[in-house]
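Here are a few notes to read alongside the picture. Take them one at a time and find each spot as you go.

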Amino acid sequence: MSDDANNPADHQESITESVETAIRQATALVGESRFAEGEAVCRSAIDRLGDHPDLWKCLGAVRHHAGNGPGAADAFRKAAEIRPDDAGAWASLGLMLATSDRSDEAIEALYKAVEIDPGQSAAARNLGLSLMKAGRPAEARDVYRTLAAQSPNDADVLGWLGHASAAADDIDTAYAAYTRSLQISPGNQNLELTLALVERDLGLFPASRTRFDRLLAARPDDPVLRFAQAQNMLLQGDYVNGFREYEWRWKRPGMEMPVFDAAPWQGEEIAGRSILLHDEQGLGDTIQFCRFALTLRDRGAAVTLLVRPRLRRLISTLSRDISCVDAVPPGADYDFHCPLMSLPFRLGLSLTDIPAPPAYLQAEDALVGQWREKLAAASGGKLSVGLNWQGDPSSQSERGRSLPFDALRELLNLPDIHFFLLQKQHGRDGMADAAQAANVTDLGEKLDLGDDAFVDTAAVMHCLDIVVTSDTGPAHLAGAIGARTWVLLKKVPEWRWGTAGEAMPWYPCMRLFRQTVRSDWSGPVDRIRAALQSATKDRLS
């Protein structure tokens, strides 16, 4: 045996050359779409040369090109286990896991890749996408912020920084990112649209409307643009044009007008005719817009209101003259049908025309009697105040409009008030200790336990002195039954709340407490605190 054969350095060089040769052969075979042969080359080399990480990475690449994502992930994982400081192996593993919808595992691998090598820009991009997909936009924003610092003129990275920031309710960062991205790469109409939405969220209404107008000049029949512009108009109180444009909602992707054996009502004479009104969107929308059934009834129409089963019992209190159903009765015959939220447009209403009776839905007498006794026993004659602070986090409209319980916690220190916590399901984290206080009763898990939504809550609200809530379904419920209601609103709220003032045109019983600084609830909560102190003094005087 020669001296060279006994030299460890020469032996290692021989292995390295053999590894490189195998990788070249496998790569060439992949280039010819001979994936099985390429995999065989890698497997044979691993058998001969041992668990070399580069061979496992090559096998992962072969399997990836062959469309075998899980097998590729297994190979890249093996490479990362052998060489834990190989950023490329972790990056490739993360990509394979991400494309296999294994987001949590992908995020873990991609984080390791960028921790080992912050210059792994492709891994960082994939990490940001995976975090967005996993519903972790604040983390994605931080990843894209680092990428943007490394590549300040990359319009795509800046666009994704904007998307992640907007999803994390960091609108200022989103605005800056979108603006810079469009400066670098003008003409991206999708980014123009998102920037117009961000400008609206920042209260930059003229800039937002101008941008929408410019986009619509190029794409006048784009339903997404038309619907977004509708919300702009409605928010600023232009109900005539806003509700006209709101009709474009049915032409958006994934939306389809329900089909009934009746003509769509376009606003023609309705006296002596029958009409089926059908609900849409959220439960709060149905509660808010069902009032228009009374308008058609007063014009002489025979009105049937079709709602979801959970709402039928509550909405049935609207009027004995209006039939409320949760399914179209067999053989029913109607002259017309109309979605509830199309009625302001069909009726030609402006903001000042909105019917706003003191109350149009009713709490059930039997339930009111049951709850009045319970609430009186708990409050001991003190001012009774209900608290609700969060809506359904899965709602697309939820971002920024709800507040954490801790933002309201200081109110519980006010004397001569008994607080009733009305929060159900979501947003109950961190309130357990407060619920044990002598001046607090937690009703959240005792309300509406059956199939019907809001019937217990309505009875409780009817018995309370004041309801304090955020922009949620219960806010509409409280307004509809005429309960004294104080609503906390983010700085630029959803269109129905308008942009200024304490009065709510839709609900005379409401008082609005608006943020003056984005994401800062201390201002409106402080004003509610002062208002509660005043209400307590009035009660005691």
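Which residues of helix 20 are buried? Keep that in mind, and remember that this is a predicted model.

1. Let's start with that one. The buried residues of helix 20 are Val-455, Asp-456, Thr-457, Ala-458, Ala-459, Val-460, Met-461 and Cys-463. That is eight of the nine residues in helix 20, so the rest of the structure largely encloses this helix.

2. What does the covering? Among the elements lying over the buried residues of helix 20 are helix 17 (309–315), helix 19 (365–379), strand 6 (383–388), strand 9 (466–470) and helix 21 (473–480).

3. Now the largest nonpolar core, which has 75 residues; Ile-275, Leu-277, Leu-305, Ile-315, Leu-361 and Trp-495 touch the most other members. Helix 20 turns up again here, giving this core its largest share, six residues. There's also a second, separate core of 47 residues, including Ala-26, Ala-73, Ala-89 and Leu-158.

4. Have a look at Trp-495. Leaving out residues up to four places away in sequence, Trp-495 touches Gln-231, Leu-234, Leu-235, Tyr-239, Phe-243, Tyr-246, Phe-289, Met-341 and Trp-506.

5. Last, a helix pair. The axes of helix 13 (residues 223–235) and helix 14 (residues 239–246) come within 8 Å and cross at roughly 155°. Angles over 145 degrees count as roughly antiparallel, so that is what helix 13 is to helix 14. On the helix 13 side, the contact includes Phe-227, Ala-230 and Leu-234, and on the helix 14 side it includes Tyr-239, Phe-243 and Tyr-246. By class, this contact has seven nonpolar, three polar and two charged residues.

Notes
Residues are numbered from 1 along each chain as its sequence is written. This is a predicted model: local features need pLDDT of at least 70, side-chain atom pairs count only at pLDDT 80 or more; totals for chains, interfaces and linings use all residues. Side-chain values use heavy atoms; hydrogens and water are left out. Axes are lines fitted to C-alpha atoms, for helices over the stretch in contact, and angles run from 0 to 180 degrees between N-to-C directions. Helices (H or I, at least four residues) and strands (E, at least two) are DSSP runs, numbered from the N terminus. Angles under 35 degrees count as roughly parallel, over 145 as roughly antiparallel, 65 to 115 as roughly perpendicular and the rest as oblique. Contact means heavy atoms within 4.5 Å. Ala, Val, Leu, Ile, Met, Phe, Trp, Tyr, Cys and Pro count as nonpolar, Asp, Glu, Lys and Arg as charged, and the others, Gly among them, as polar. A nonpolar core is a set of buried Ala, Val, Leu, Ile, Met, Phe, Trp, Tyr and Cys residues joined through side-chain atoms within 4.5 Å. Buried means under 20% relative accessible area, exposed over 50%, partly exposed in between (1.4 Å probe, protein chains only).
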